[in-house]
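Me: I would like to go through the terms used for this model and see what each one rests on. Please set each value against its definition.

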Amino acid sequence: MDTKISIEKAGKTFGDGERGIVALLDVSLEIGSNEFVTFVGASGCGKSTLLRCIGGLETLSSGSIKVDGAEISGPGVGRAMVFQHYSLYPWLTVMENIKFSRLLRIGREDLTSSDVEAASGRADALLNLMGLTHVRDAYPNQLSGGMQQRVAIARALLPRPQILLMDEPFGALDAQTREVMHDMILHVSKLEKTTIVFVTHDVEEAIYLGQRVVVMAPRPGRIDSIYEVDLPQKRDQDMKLAPGFLQQKKAILTRIRETAGMHTDYELLERMTRQAEQQNDMR
Amino acid sequence: MSSRHKISAGWSSLWVIRGHLSHRTYLLFALTGMLLPLAAWWGLSVSGWMDKVFMPGPLEVLSRAYTWFKEDDLMQDIWISTYRVIAGFSLSAVLAIPIGLMIGTYRPVQAMLEPLTDFIRYMPAVAFIPLVMLWVGIDESSKIAIIFIGTFFQMILMVAEDVRRVPITQIEAAQTMGANRGEIVSLVIVQSAKPALLDTLRVTMGWAWTYLVVAELVAANSGLGYSILRAQRFMQTDKIFAGIILIGLIGLAIDQFFRWLHRKNFPWLYKK
């Protein structure tokens, strides 16, 4: 597998001096072409920061991120990003949102009329792929959250990006919608041959979607461990109940809990329950 | 029994917190809210508790408005006042919108202009009147200048706030699609802030009318505000009432016009 993204000793510090917060420390990772990598970790582990650095929305304090061997500086058309929410343009219809990148100068350079035709054909194809044909002329606020995310994904895919960066894209959706979206995005990944970097807080989602699950740890944000997912290429919702899946889920959850440095104080809870009971008895 | 139960349930359902009102019920309440004060005013004027000179009734005010229209060139007063408001307000908007846009978009511009604007807007616009009269004279431009001073600085800050409220993800999404700075400003920030900007204009338009009256009370020999002041000199309270109500009505009309523009231009906000 060719390397698509190579992250070398990436470091990111917010603020400076003593009070600076180390969001990323010495993160190194190679992501292959058409690979689907998912990132999980306790809050503050820097998974979103890393994604934003790959997207070029944040700049690294040290180290480098290379795409196809070339170091990135700032956002680029080849790296599309899908956010958790509020990224659609409410004043544009679904179709206009999907075609937004066509309004930009960068999308118009050196275009022949056949390119333009091909692009509108692609917009229609994406509309179809995402099951949005019937809401083509609707405005985003007329759509459900799941439909809105489909529009956001279609919009990101329009200029045929080689890399799709997804920052908890399904985090605000209900469980049933999320399942549908999972199979949809897997389908897209196979069809479009896109490299997908996917950040989530949902371990089940991370295993189901990812070929590798990268667990990050907080304070300072770093890669803790990487799990190879041993599932058949063609995923199926029932796999989530298979023993192997559950075992891996448990292992990852335990690891995240250990790195989070947060634990439930059972002793305190018990003491409080006893006290409450005593008070009830006295009454 | 059951019908009484129904009525009481209907009554209490009106008072659900953030509840829903049918169109008809809404109109009923709105009309009541408008007519009740009018009826109270009329009752007060016919009761004889207050001298007619100080408290003219609705009919007196209406007939005064009519003679004002017939003999005293009411339309000229309305025209000149409206002209001043629109001129001062437009001048202020034309300058405040780009400045506010820059403040809300670029941090150095914000650092340079926002504290200054914040400071100036707390200086009472009315206190500038003597200075404006010395500098600009007492012709039309002084009235326009006062309206400008009264609205401009507030407008800058409100526009800047509208621009800052554009969700950062909308901007970042455009960045990752390859938009350059100019495209982000024109295709995302301005488009996204437009509805809020129109609301800002609607609100500041109200303030422009307030400053118009101030300007005309002090330094004018025409217009609605001036007519109100002169009416006081001749104890024409009915004319004072007529002038105040007229300004209120014009303001209401302009406000409704802005709301209509809002619905017309931003259909996505009204489709659910």
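Me: Why are α10(B) and α11(B) called roughly antiparallel to each other?
Reply: In this predicted model, helix α10 (residues 224-233) and helix α11 (residues 237-265) of chain B pack at an angle of about 160°, with their axes 8 Å apart. Axes are lines fitted to C-alpha atoms, for helices over the stretch in contact, and angles run from 0 to 180 degrees between N-to-C directions. Angles under 35 degrees count as roughly parallel, over 145 as roughly antiparallel, 65 to 115 as roughly perpendicular and the rest as oblique. The pair α10(B) and α11(B) is therefore roughly antiparallel. Helices here are DSSP runs of H or I with at least four residues, strands are runs of E with at least two, and both are numbered from the N terminus.

Me: Which residues make the contact between α10(B) and α11(B)?
Reply: From α10(B) come B:Leu224, B:Ser227, B:Ile228, B:Ala231 and B:Gln232, and from α11(B) B:Lys239, B:Ile240, B:Gly243, B:Ile244, B:Leu246 and B:Ile247. Two residues are in contact if their C-beta atoms, placed from the backbone, lie within 7 Å. By class, this contact has seven nonpolar, three polar and one charged residues. Ala, Val, Leu, Ile, Met, Phe, Trp, Tyr, Cys and Pro count as nonpolar, Asp, Glu, Lys and Arg as charged, and the others, Gly among them, as polar.

Me: What makes β4(A) and β5(A) a pair of strands?
Reply: Two strands pair if DSSP finds at least two bridges between them. Two bridges join β4(A) to β5(A) (residues 70-71), and the strands run antiparallel. A:Val67 stands opposite A:Ala70 there. The hairpin has two residues between the strands, and A:Asp68 takes a positive phi near 55° in it.

Me: How many bridges join β1(A) to β4(A)?
Reply: Five bridges join β1 (residues 3-14) to β4 (residues 62-67), again antiparallel. A:Ser6 stands opposite A:Lys66.

Me: How many residues of chain A are in contact with chain B?
Reply: 24 residues of chain A are in contact with 18 residues of chain B. On the chain A side, β6 (79-82) and α3 (105-108) are the elements that give two or more residues. That side has 15 nonpolar, seven polar and two charged residues.

Me: How are residues and chains labelled, and which parts of the model count?
Reply: Residues are numbered from 1 along each chain as its sequence is written, while chains are lettered from A and ligands numbered from 1 in the order in which they are written. Local features need pLDDT of at least 70, side-chain atom pairs count only at pLDDT 80 or more, and totals for chains, interfaces and linings use all residues.
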